[in-house]
Amino acid sequence: MEQYKKEFIDFMLESKVLKFGDFTLKSGRKSPFFMNAGGYVTGNQLKRLGEYYAKAIVNQYGKDFDVLFGPAYKGIPLSVAATIAIALDNLYGMEVRYCSDRKEEKDHGADKGSFLGTKLQDGDRVVMIEDVTTSGKSMEETVPKVRGAANVEIVGLMVSLNRNEKGKGEKTALT
């Protein structure tokens with residue numbers, strides 16, 4: 001296992017985001033561990049989280065992408081995508097945009113529509129960001145929305161914690 005992955009696991013434990021015990025997941029399945037990305041609550045934690053994601057993304061996919069996209073869930077993907085975009089700029093001098101979808105379309109104001117952040121454009125190369133993936137269901141729901149917004153290429157998916165259950169597609173996880 002790469003050193004940054006070991007450090008990331010220690011970081012999740014230190015941040016009390018990764019816990020061990022007896023947990024029942026949303027799916028009803030029992031698990032000996034649980035991860036709650038909502039537990040990243042300080043600026044330093046978000047900065048470090050963004051740096052871990054940035055390093056893993058560049059390690060896995062290189063620097064040839066335009067947008068980081070996080071599916072809607074508690075506002076986490078938008079803040080995480082923003083911290084990753086900042087880390088990519090700080091660590092690699094990359095100017096990357098970020099975007100997230102909404103659970104419900106907003107029909108008023110300056111930022112109405114289904115998405116927050118940058119507007120997806122034809123030709124954009126997108127890296128999807130996820131905190132935890134179990135079966136890939138959230139990506140099955142989100143990818144068509146992203147592709148429906150513009151003619152984009154999904155370069156890959158970066159996940160903090162991959163439960164490695166059966167789903168569709170290829171995933172890369174930080175852990």
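**Note on a predicted model**

1. In the hairpin made by S1 and S2, five residues lie between the strands, and Gly28 has a positive phi near 95 degrees. Five bridges link strand S1 (residues 18–24) with strand S2 (residues 30–35), and the two run antiparallel. Two strands pair if DSSP finds at least two bridges between them. Thr24 stands opposite Lys30 in S2. Helices (H or I, at least four residues) and strands (E, at least two) are DSSP runs, numbered from the N terminus.

2. The model is predicted: local features need pLDDT of at least 70, and side-chain atom pairs count only at pLDDT 80 or more, while totals for chains, interfaces and linings use all residues. Residues are numbered from 1 along each chain as its sequence is written, and side-chain values use heavy atoms, with hydrogens and water left out.

3. The protein has four helices and eight strands. Read from the N terminus, their order is α-β-β-α-β-α-β-β-β-α-β-β. Of the 175 residues of the protein, 45% count as buried. Buried means under 20% relative accessible area, exposed means over 50%, and partly exposed is in between (1.4 Å probe, protein chains only). Among contacts between residues at least 6 apart in sequence, 65% join residues at least 24 apart; contact means heavy atoms within 4.5 Å.

4. Helix H2 (residues 43–61) has 19 residues. From first C-alpha to last, H2 reaches 26 Å, close to the 27 Å expected at 1.5 Å a residue. The expected span of a helix is 1.5 Å times one less than its number of residues. The buried residues of H2 include Gln45, Leu49, Tyr52, Ala54, Ile57 and Val58. After H2 comes Gly62, which has a positive phi near 75 degrees.

5. A polar atom of the Gln45 side chain lies 2.7 Å from the backbone nitrogen of Val41. Apart from residues up to four places away in sequence, Gln45 touches Phe11, Ser15, Gly39 and Tyr40.

6. Six aromatic pairs are found in a search of the whole structure. Rings of Phe, Tyr and Trp (its six-membered ring) pair if their centres lie within 6.5 Å; planes under 30 degrees apart count as stacked, over 60 as edge-to-face and the rest as tilted. The rings of Phe8 and Tyr52 have centres 5.3 Å apart and planes at 65 degrees, so this pair is edge-to-face. Because Phe8 lies in helix H1 (residues 3–14) and Tyr52 in helix H2, the pair ties together parts that are 44 residues apart in sequence. Both Phe8 and Tyr52 are buried. One aromatic cluster is formed by Phe8, Phe11, Tyr40 and Tyr52.

7. The largest nonpolar core has 32 residues, of which Tyr40, Ile57, Phe65, Leu68, Ile84, Leu88 and Ile129 touch the most other members. A nonpolar core is a set of buried Ala, Val, Leu, Ile, Met, Phe, Trp, Tyr and Cys residues joined through side-chain atoms within 4.5 Å. Which elements give two or more residues to this core? They are H1, H2, helix H3 (76–92), strand S6 (125–133) and strand S7 (153–162). H2 gives the most, with eight residues. A second, separate core of 14 residues includes Phe69, Met139, Ile154 and Leu157.

8. Leu88 touches Ala54, Val58, Phe65, Leu68, Gly93, Met94 and Val96, with residues up to four places away in sequence not counted. Tyr92 is in helix H3. Tyr92 counts as partly exposed because its relative accessibility is 28%. Tyr92 and Ala54 are 38 residues apart in sequence, and their C-alpha atoms are 8.9 Å apart in space. With neighbours within four places in sequence left aside, the contacts of Tyr92 are Ala54, Lys55, Val58, Lys63 and Ala87.

9. Asp101 lies in strand S4 (residues 97–106). Asp101 is buried, with a relative accessible area of 4%. The side chains of Asp101 and Lys145 are joined by a polar contact of 3.3 Å. A polar contact is a pair of N or O atoms within 3.5 Å; within protein, one must be able to donate a hydrogen and the other to accept it, and residues adjacent in sequence count only if both atoms are side-chain atoms. Not counting residues up to four places away in sequence, Asp101 touches several residues, among them Phe69, Pro71, Phe115 and Thr142.
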